[in-house]
Amino acid sequence: MSQRRGIHLDQSELLCKKGCGFYGNTAWQGLCSKCWREENQREKQRQIQEDWALAERLQREEEEAYASRHQKTQSQPQITPANKYEERKTREKSSKVTTVTKFFTPSSKTPPRKGNRPSSSASRQSSLGGDRATRDFISFLKPLKPGGEIFRQCRAFTEDMVFKRVSKSRRAVNLERIMDEVEKYMMTRLYQEVFCPETTDDEKKDLAIQKRIRDLHWVTIEMLCVPVNEEIPEVSDSVVKAITDVIEMDSKQVPRDKLACITRCCKQIFNAIKVTKKEAASADDFLPTLIYIVLKANPPRLQSNIQYITRFSKPSRLRTGEDGYYFTNLCCAVAFIEKLDGQSLNLSSEEFELYMSGQASPHWLQSTGAAASSSSSSSTGGGALAQAHNSLDLLTGLGERQERVMEKARQMESDLIDWTDEVEQTVQSAMESFPLETQSATTAKGGGTEPAASSAIDSDNVENELLPPPLTPQVFAG
């Protein structure tokens, strides 16, 4: 029996391959930033050692060849360049050994290391002992001339050590805030220079993943087994907000702000799953939903943003915490989209190629899903292929109908052009048959006065003969 399987990603797959417990990253070949840096340093150190060994061997061979050439011509023993080289090398080695020995030799001024924190009774005993030591120390310094200055310096030193121990956590918090502000200032000023630089292939990767997501526009929730019901208003709102957050990532300039957009997006996803399932979401529910959100959003410059965060964000922020976890899942989602095939969606290769080429579009109805869950894999593939052929037939019929509509539209356009020409010809012939007299002609005909012009117009009126005569004014004597 064929059952649609979801996208499963074990928690261990998100962690560093070295087993250090931090989150890994595909950009670092599955390692965390710490292990990746250490691995690169070891590789560089090994390469440097190999280069030095090769240089020394070549130098030694050259010096031996030089010594053998001049050995026969020189009767007296003399210092050769090889001997000078060996002498200099021995002298440098001895100086290094002396320096290292002095460095690791414990100094008399080195304070003793502190042990575990004493208990309350031990603290009281230490306090009493400290008071006694203070009185003894003052008694010792009284006869001395600089005793007061010595006591003030010693007390300032002890108080400073106590203050450092108490305010260590506060300084750590302040250091974290300072680092955040420095990151904000530096990355905002340098954003145009360091984001998607020309020396990398980030832009090429952006175009590739953008085209890939466009080709996968037909992937549905059912194919990815996403436990989200967008018919619920609250779930639909969470999905829209998640899409908005992941798209907004490109508008931010500071790596911390970009990570905050990813975190908000993922929290909206967890809320959508929780509302749909009425229970807390698991990792197997979260990753398919994140993939679905990325496919629907198609965020701009996705690879460039991921590379920017990887290169310039604080390594500790990517190794631990919410930001590191969600960012690692986003990298896994992008890697899954890049390698997505028919088997990942429980489709045959023929169906997958039809959908990717745009020759068919899946229509996942409830009846089709029920039949697919109870039929064999071969019958499922056959039904889907039959559905694909039906879709092709439907598209062919739509193409013929569109062609007929276009033909009628072209015929209507031709008729409109002919009608316009006919109307223009009719108007032109009418104007030629009944020319209009200009005002100058009528003025000349009427003697140049306004009444003459009116009489001229009335004289052309054929119906003037049927009009009654004008009224003659009469005077009445009152």
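With a relative accessibility of 7%, Glu183 counts as buried. The model in which this residue is placed is a predicted one. Glu183 belongs to helix 5, which covers residues 168-189. Apart from neighbours within four places in sequence, Glu183 is in contact with Thr188, Val254, Pro255, Arg256, Phe312, Ser313, Lys314 and Arg317.

## Packing of the helices

Two packed helices are described by the angle between their axes and the distance between the axes.

| Helix pair | Angle between axes | Distance between axes |
|---|---|---|
| Helix 9 and helix 10 | roughly 165 degrees | within 8 Å |
| Helix 10 and helix 14 | about 80 degrees | 9 Å |
| Helix 7 and helix 14 | about 70 degrees | 10 Å |

Helix 9 spans residues 233-248 and helix 10 spans residues 255-277. At a crossing angle of roughly 165 degrees, helix 9 and helix 10 are therefore roughly antiparallel to each other. Their crossing is left-handed. On the side of helix 9, the contact involves Glu234, Val235, Ser238, Lys241, Ala242, Asp245, Val246 and Glu248. These meet Cys261, Arg264, Cys265, Gln268, Ile269, Asn271, Ala272, Val275 and Thr276 of helix 10. Sorted by class, the contact of helix 9 with helix 10 comprises eight nonpolar, four polar and five charged residues.

Helix 10 also packs against helix 14, which is formed by residues 321-338. The angle of about 80 degrees makes helix 10 roughly perpendicular to helix 14. Here Leu259, Ile262, Thr263, Cys266, Lys267 and Phe270 of helix 10 meet Glu322, Asp323, Tyr326, Phe327 and Leu330 of helix 14. This contact of helix 10 with helix 14 has seven nonpolar residues, one polar residue and three charged residues.

Helix 14 has a further contact, with helix 7 (residues 202-215). Their angle of about 70 degrees makes helix 7 roughly perpendicular to helix 14. The crossing of helix 7 and helix 14 is left-handed. Ile209, Arg212 and Ile213 of helix 7 and Val334, Ile337 and Glu338 of helix 14 make the contact. By class, the contact of helix 7 with helix 14 has four nonpolar, no polar and two charged residues.

## Aromatic pairs around Tyr326

A pair of aromatic rings is described by the distance of the centres and the angle of the planes. The structure contains eleven aromatic pairs. In one of them, the ring centres of Phe270 and Tyr326 are 6.2 Å apart and the planes stand at 50 degrees, so the pair is tilted. Because Phe270 lies in helix 10 and Tyr326 in helix 14, this pair ties together parts that are 56 residues apart in sequence. Phe270 counts as partly exposed, at 22% relative accessibility, whereas Tyr326 is buried, with a relative accessible area of 8%.

Tyr326 also forms an aromatic pair with Phe286, and this pair is tilted, with 6.1 Å from centre to centre and 55 degrees between the planes. Phe286 lies in helix 11 (residues 283-297) and Tyr326 in helix 14, so that pair links distant parts of the chain, 40 residues apart. Both Phe286 and Tyr326 are buried.

Terms used: Residues numbered from 1 in each chain as written. Predicted model: local features only at pLDDT ≥ 70, side-chain atom pairs only at ≥ 80, totals over all residues. Heavy atoms only, no water. Axes fitted to C-alpha atoms, helices over the stretch in contact; angles between N-to-C directions. Helix = DSSP H or I, 4+ residues; strand = E, 2+ residues; numbered from the N terminus. Parallel < 35°, antiparallel > 145°, perpendicular 65-115°, else oblique. Left-handed = near helix turned anticlockwise from the far one by under 90°. Contact = heavy atoms within 4.5 Å. Nonpolar A, V, L, I, M, F, W, Y, C, P; charged D, E, K, R; others polar. Buried < 20%, exposed > 50% of the residue type's maximum accessible area, 1.4 Å probe, protein only. Phe/Tyr/Trp six-rings, centres within 6.5 Å; stacked < 30°, edge-to-face > 60°.
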